[in-house]
Amino acid sequence: MSHLGMKLIYPMLNRREDTWCERSFAPWVDMEKQLRDHDLPLFAIESMMPLCDFDFVGFTLQYEMSFTNIINMLDLGKIPIRSVDRTMADPIIIAGGPCASNPEPLADFVDIFFIGDAEVTLDDLLDLYKIWKKTKKPRVEFLKQAVALEGIYVPAFYEPTYNTDGTLKDFQPIVEEAPQKVRKCFVDDLNTAYYPETLLVPYTSTVHDRVSYEIFRGCGRGCRFCQAGMLYRPTREKTSETIKNQIDILLKNTGYDEISLASLSSGDYPGIEILIKDLVDKYEQDNISVSLPSLRIDSVSIDMLEQMQKVRKSGVTLAPEAGTQRLRDVINKGVTEEDLMRTVQNAFEKKFGHIKLYFMMGLPTEKDEDIAGIAHLGHKVVETYFDTDEAVRNRSLKVVISAACFVPKPFTPFQWEAQDTMNEFVRKQKYLKNEIKSRKINYNWQDSHLSYLEAIFARGDRRLCKLLEAAQKAGCRFDGWSRMFDYDTWLQLIEDLEIDGMFYACRQREKEELFPWDFIDIGVTKEYLYHENQKAKLGELTPYCKEKCNDCGVMQFKEGWVCSEHYTV
Amino acid sequence: MIVVLCNLRKDGFVVSIIRFKFQRKEALRFLSHLDQLRLFQRAFRRANIEIEHSQGFNPHPKLAFAQAMSVGMMSDEEYADVTVKGTITIDEFMQKINKALPEGLCVIDAWYIEKGTLSLNASMCESEYEINVDLSHSISEQDVQRAIDKVLTQKAIIIERRTKKGKMTEKDIRPFIKTLKIKKMEVSSITFQLTVIYIEQQCVKPMIVLQKLNIKAFILDPTVFMVRKRLKLT
C-alpha cells in the first residue's frame, strides 16, 4: 500500500472506460493458511474476484527478496506458475519496477516485463489486448504484438547460451518480432504526463501514510553504487507550479495531513527551499506538515530544517554511505565530513535530537580503516551534540547507525564487482560493533545471508528460475522479513540444484563479459559504466550532471533529447 | 431561523462544539478505534470542515468519541464531539461530512453543545446490544435460559482482569448488567438482547457477559455479529 507506483497506475487504469483495476497483496502466513485450508483462491481486495479471473495480473518488482512472494501469489491465485503452462483462460502476467532491469531470474514466470516508465505504453498495451481478445487467437499472438511497443520484454521470445565456465555466451531473440535490444521507455515531460487527482487512502495506518508526491524523476549525482540513479536517467523535473497545483488537489481529495516530497534526491530540486517555504506557509494553519525523505548531506540547509519542523517534529536521516573520504570518493558520493558535521550541528541547533546515519559495508576497495571511519563519524556526531549549547539543543540524543551489506547491482559501475563473502561481512560487523564506544549510538546491521541471496538474484540469470520455484514449494516467502527468512532451506536448495551462489554473488567479472541484462538498453552505455568503474578504483570524482555533462549516453539514446531542457532552472 | 451556537476563543476566534450521532455498518465493522479516529480526521479535511487543534508540541484535532468501538462491532447509535473553527450550520455540517465519509459510516444527527457540557464519556448511562452468536452444535433454548438465570441470580459475578501494570485484580460485573434476554433462537445461531449500565464511567464488555454463561457451543470471537442498538446519555 505504500508503493507510489501502484498509487499512480491504479487510477490511471481505472480512468479508462473499458478497464477496471484492483489491488491484491501477498497475504501474511496466517491468512495464507486460511486460504489454503479452505481451498480459497487469493482474491483482489475491491471485488474479491480471484486473481485467475483477471485479464492481467501485474507485479511491482521492488526488491529481489520479494520474488518468492510473487510466485506464491500466482500459486494462491490459482494461476499456473510458469508462463508455458498458461492457457487462454489464464491472465497475462506483467511486471515492472526497478528489479525488472534484470528480469532474468523471473523469466519463466512473467509473460511481459515493462522496462522503464510503464505510463508510456500501458494504455497501448491494453488497446492491443482488447483487439486481440476478440480475435481469440493464441496468447503468443498477443505477445508478438506487444513486443512491437517500446520498453516491452517477453522473455519467452529469447534464448540464452552459456560458456563452459557458466558465463553467458549469447542471448538472442527466437521470433522475428522480438527486437535484439529492448529499449527502456521514459516519460518526456512529467508536467504534462498523467498524474492522479486522488490517492488510495487506507483505513489502517500503513508505512508512508501520507501524500507522497514525486517532484522529479531521475538523478544526475552519479553515485556509483546506485542503480536507480542510472536506471531513471534522464532527470525530469516538474515545475513548482505543477507541484503546488497537484499537491493542493491531492490534499483536498485525500484529507491527509502530511506531504512528503519524494524523488531520488529531493534536496537537489532547484529552489527546494522556496518550494518548502511556500508549502509550509500555505498549509501550516491547517496543521499539514511537509517532510522530505532521506537527504543528501550537502543539500540540507538550516532554513529547510527549520521550515520542516514548524508543524511536526521528526528526525533527520542522512546518508554518508561510507566512513572515510577515500571511500566516499570511490563511490562518487562527493560529500565531506565537514558537510556532515555542519548539517548535524545545524540540526542540533534546531532542536532535532534524533539523527539516523545510513552506511554501506563491503563497498569495492573497502579496508578496515573505512569501517572504523563509520564509528568515527558516529562519535563526532555525538561530540557535536554535546558541543551544542545546552539551552538550544534537544534534551535527548539518539544516533542510529545503520550499515547495510553492499549488493552490486546491474546497470551500475559496480556491476563487475564481487560482493564480500558472508564471513567477511560478519567479521566487519563485529569489528564495527567493537569500534563503537558511545552508548548514545544505536547500531543496526543486516543479515549477511539475506544480502548474499539478494546479490545472487540481483545479477542472476534464468537458470535461477528453478531455484525460485523450488524455494516457493519449500515454503520460502516473505524472505525480506527476518523472522520468516529461512536461510538453511535456501542453502539446501542451492546445493540440491547444484547452483553456484558464489558465481553470481562473489565473482569479479571481466570487462568483456556478456551480462544477462545486457539486452536491455537503459540509455546509459556499458562503456560509460565501465569508465566509471575504472575512475572509482582511482578514487576520481565525476561531477554532478547539471554542472558538467559526463556523456553517459542518455542524450544519444533519444533523438533530440537535451537534458538541460528538462531542468526547471 | 438558523441558530448557530458559538464560543469565543481567547484569541478572538470563533469555535463551535458539535455533538453528532453516527452509525457504523457492516462494511466498516472491523475498523479499530484509531483507524476510525484517523478516518474521521481525514473526512473532516476532505469535507473542508476546519477542526480546532490542541496547542502544543504535537497538535491533534479536538475530536472525542463517547467510547472506543470494539473491532467487529456495528452501531446504530454512536456519539462524538468535535470542535469546529468558525461558524457552520448543522445542515451544512451533516451534508458536508456525510459526503466525505465512506460507505459504512454515516452521521444521522448533530447539534451544538455549550462549552463545559458534561463530556460524552461521563454522560453514558445505558447501552443496548443485539448479539448474534454462532453455535458449533445445536442446544436447547431452555438450557441457555437456565444459564442466563443462573448467572443473573448471582449476587456478584467476579472476573479477573490484568491491570495496566500487569497485576491481576478482581472485578464484579454483576452491577453493570441490566437485562439479558434471548431474542431469537435458531438451529445454528442465537440472538441475545443485552442491556448494560454505566457506573462511574465503568462497564462490562458484552463478550465477557456471554462468556460467563459458560456454554461450550458458543463461538465467541471478533466475528460475532454485534450491534449497539441504543446508547442512552444522561
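**Overall size of chain A.** I began with the radius of gyration, taken over C-alpha atoms: for 569 residues a compact globule would come near 25 Å, and chain A has 24 Å, which agrees. The globule rule I used is 2.2 Å times the number of residues to the power 0.38. Along its principal axes the C-alpha trace of chain A spans about 75 × 55 × 55 Å.

**Source and numbering.** I note that this is a predicted model, in which local features need pLDDT of at least 70 and side-chain atom pairs count only at pLDDT 80 or more, while totals for chains, interfaces and linings use all residues. Residues are numbered from 1 along each chain as its sequence is written, and chains are lettered from A and ligands numbered from 1 in the order in which they are written.

**Secondary structure.** I found 19 helices and 17 strands in chain A, where helices (H or I, at least four residues) and strands (E, at least two) are DSSP runs numbered from the N terminus. Helix α4 of chain A, residues 122-135, has 14 residues and reaches 20 Å from its first C-alpha to its last, close to the 20 Å expected at 1.5 Å a residue; the expected span is 1.5 Å times one less than the number of residues. Just after α4(A), A:Lys136 takes a positive phi of about 60°.

**Helix pairs.** Two packed helices are described by the angle between their axes and the distance between the axes. The axes are lines fitted to C-alpha atoms, for helices over the stretch in contact, and angles run from 0 to 180 degrees between N-to-C directions. Angles under 35 degrees count as roughly parallel, over 145 as roughly antiparallel, 65 to 115 as roughly perpendicular and the rest as oblique.

In contact (C-beta atoms, placed from the backbone, within 7 Å), A:Phe67, A:Thr68, A:Ile71, A:Asn72 and A:Asp75 of α3(A) meet A:Leu468, A:Glu469, A:Ala471 and A:Gln472 of α15(A). These divide into 4 nonpolar, 3 polar and 2 charged residues, with Ala, Val, Leu, Ile, Met, Phe, Trp, Tyr, Cys and Pro counted as nonpolar, Asp, Glu, Lys and Arg as charged, and the others, Gly among them, as polar.

I then followed α15(A), residues 465-473, to α16(A), residues 487-496, where the packing angle is about 135° and the axes are 10 Å apart; the pair is therefore oblique, again with a right-handed crossing. A:Leu467, A:Ala470 and A:Ala471 of α15(A) make the contact with A:Trp490, A:Leu493 and A:Ile494 of α16(A), giving 6 nonpolar, no polar and no charged residues.

For α12(A), residues 368-387, and α13(A), residues 422-435, I noted axes that come within 9 Å and cross at roughly 40°, so this pair is oblique. Its contact joins A:Asp368, A:Ile371, A:Ala372, A:Ile374 and A:Ala375 of α12(A) to A:Lys428, A:Tyr431, A:Leu432 and A:Glu435 of α13(A), with 6 nonpolar, no polar and 3 charged residues.

**Backbone details.** I found a cis peptide bond between A:Arg233 and A:Pro234, with omega about -5°; A:Pro234 lies in the loop between α6 (227-231) and β10 (236-237) of chain A. A:His208, in the loop between β7 (182-183) and β8 (211-214) of chain A, has a positive phi near 60° although the residue is not glycine.

**Chains A and B.** Last, I recorded that the contact takes 11 residues from chain B and 11 residues from chain A, and that the chain B side has 4 nonpolar, 2 polar and 5 charged residues.

Conventions. Contact = placed C-beta atoms within 7 Å. Left-handed = near helix turned anticlockwise from the far one by under 90°.
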